[in-house]
Amino acid sequence: MNKENEQVTENNINDAYKSQQKVSMMTIISELPNLVALTVMTVLSGSVIMALDTFESFANVLQGSITHRLSKKMQGDASFKYDYGMGKIDAFGSLISASILFLGLAAILAVSINSLISPSSPSDLLFLAIIIKVINVAIDILLLYKQQKVVKQNDSPMVRSAFIFLKKDLITDLVVLVTVAVAYIFRAFPLIVYFEPIVCILCVIYVAFLNVKQIRNAASNLLDKTLDEETQMQIINCVTKIWAEIDDFKGVRTRRSSNTIFIDLLVTFEDETKYSEILKTYEKFEKSIKELLPDSVTSIVIGE
């Protein structure tokens with residue numbers, strides 16, 4: 001039964017990573033023509049908000065490529081329960097995409113400030129930008145819906161990061177759509193020249209705030225962390241349930257890597273103890289741990 005449960009879990013994880021690859025590929029395919037269109041629109045219109053959107057599109061292509069590559073690798077390694085490095089690879093991919101986006105935000109912020117100092121009137125071409133943004137918002141909603149399904153299958157740092165990225169894209173595209181529409185409709189008013197740069201700066205601050213949070217989470221997941229004292233005491237309580245079946249208790253080693261908690265129980269058994277009895281003891285301990293910590297991997301180490 002235990003092996004069957006592990007097989008089901010492994011299949012679910014594999015399915016989640018397959019779904020993630022599909023969503024990532026959809027993101028790449030939809031963003032590439034969008035990136036070209038936004039680049040042309042930015043050059044022709046000189047709009048700072050469109051410049052921000054162009055870099056956002058580039059970041060989406062990059063994020064989708066990294067997520068697709070990592071999800072494909074992690075799908076192949078999903079069966080290796082003790083591959084501690086997979087959680088770090090997951091977090092590292094999230095850290096790379098977030099760091100690159102930060103560099104672009106700094107550049108867009110500089111352009112926005114310069115536009116406030118030397119403003120220019122909105123271009124009539126912004127009408128075409130409105131059409132592009134309506135299409136972008138529709139695609140964002142579809143991708144976010146599909147990504148949410150993947151999160152329910154496997155809420156890993158990489159999958160969660162992709163969800164946050166798409167959520168941020170939807171909010172940003174809605175803001176850009178409204179901003180471009182307002183700038184186009186009221187382009188004859190003198191003060192409208194300051195509208196786009198101000199909104200762009202506010203967007204940069206918002207995206208940067210989300211990005212800092214993403215970088216912190218990714219950096220935290222790159223480090224192995226000890227469990228809190230309360231959880232450790234609960235694990236010790238699980239040990240007491242098998243106390244009569246072991247000869248001597250040497251201790252418990254615990255560590256957290258990404259979303260997974262690894263627990264090693266160090267014990268000894270009487271020399272005449274059969275393997276089948278040791279296996280039953282392990283399964284009893286593992287069951288009590290799983291009830292406490294579903295995302296855990298347990299093992300019994302016999303000896304010192």
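Select Cys203 and show its sulfur: the closest cysteine sulfur, in Cys200, is 6.5 Å away, too far for a bond. A disulfide here is a pair of cysteine sulfur atoms within 2.5 Å, and by this rule the count comes to zero. Cys200 is in no disulfide either, with the sulfur of Cys203 as its nearest cysteine sulfur. Colour both by accessibility: Cys200 is buried, with a relative accessible area of 0%, and Cys203 also counts as buried, at 7%. (Buried means under 20% relative accessible area, exposed over 50%, partly exposed in between, with a 1.4 Å probe and protein chains only.)

The model is predicted: local features need pLDDT of at least 70, side-chain atom pairs count only at pLDDT 80 or more, and totals for chains, interfaces and linings use all residues. Residues are numbered from 1 along each chain as its sequence is written, and side-chain values use heavy atoms, with hydrogens and water left out.

Next, select α5 and α6 (195-221), each of which supplies at least two residues of the lining of the second largest pocket. (Helices are DSSP runs of H or I, at least four residues, and strands runs of E, at least two, numbered from the N terminus.) The lining consists of Phe163, Ile164, Lys167, Lys168, Ile171, Tyr206, Phe209, Leu210, Lys213 and Gln214. By class, six are nonpolar, one is polar and three are charged. (Ala, Val, Leu, Ile, Met, Phe, Trp, Tyr, Cys and Pro count as nonpolar, Asp, Glu, Lys and Arg as charged, and the others, Gly among them, as polar.) The volume of this pocket is about 190 Å³.

On a 1 Å grid over the protein atoms alone, a cavity is a set of points where a 1.4 Å probe fits but cannot get out, whereas a pocket is an open set with protein on both sides within 12 Å along at least five of seven lines; lining residues have an atom within 4 Å of a point. Points are joined across faces, edges and corners, and a volume is the space filled by probe spheres set on them. The whole structure has four cavities of 30 Å³ or more.

Select Glu31, Asn34, Asn60, Asn136 and Asp173: of the 14 residues lining the largest cavity, these are the closest to its centre. Its volume is about 100 Å³, and its lining has two nonpolar, five polar and seven charged residues.

Finally, select Thr27, Gln63, Gly64, Ala162 and Leu166, which lie nearest the centre of the second largest cavity, lined by 13 residues. α1, α2 and α5 each give two or more of them. This cavity has a volume of about 80 Å³.
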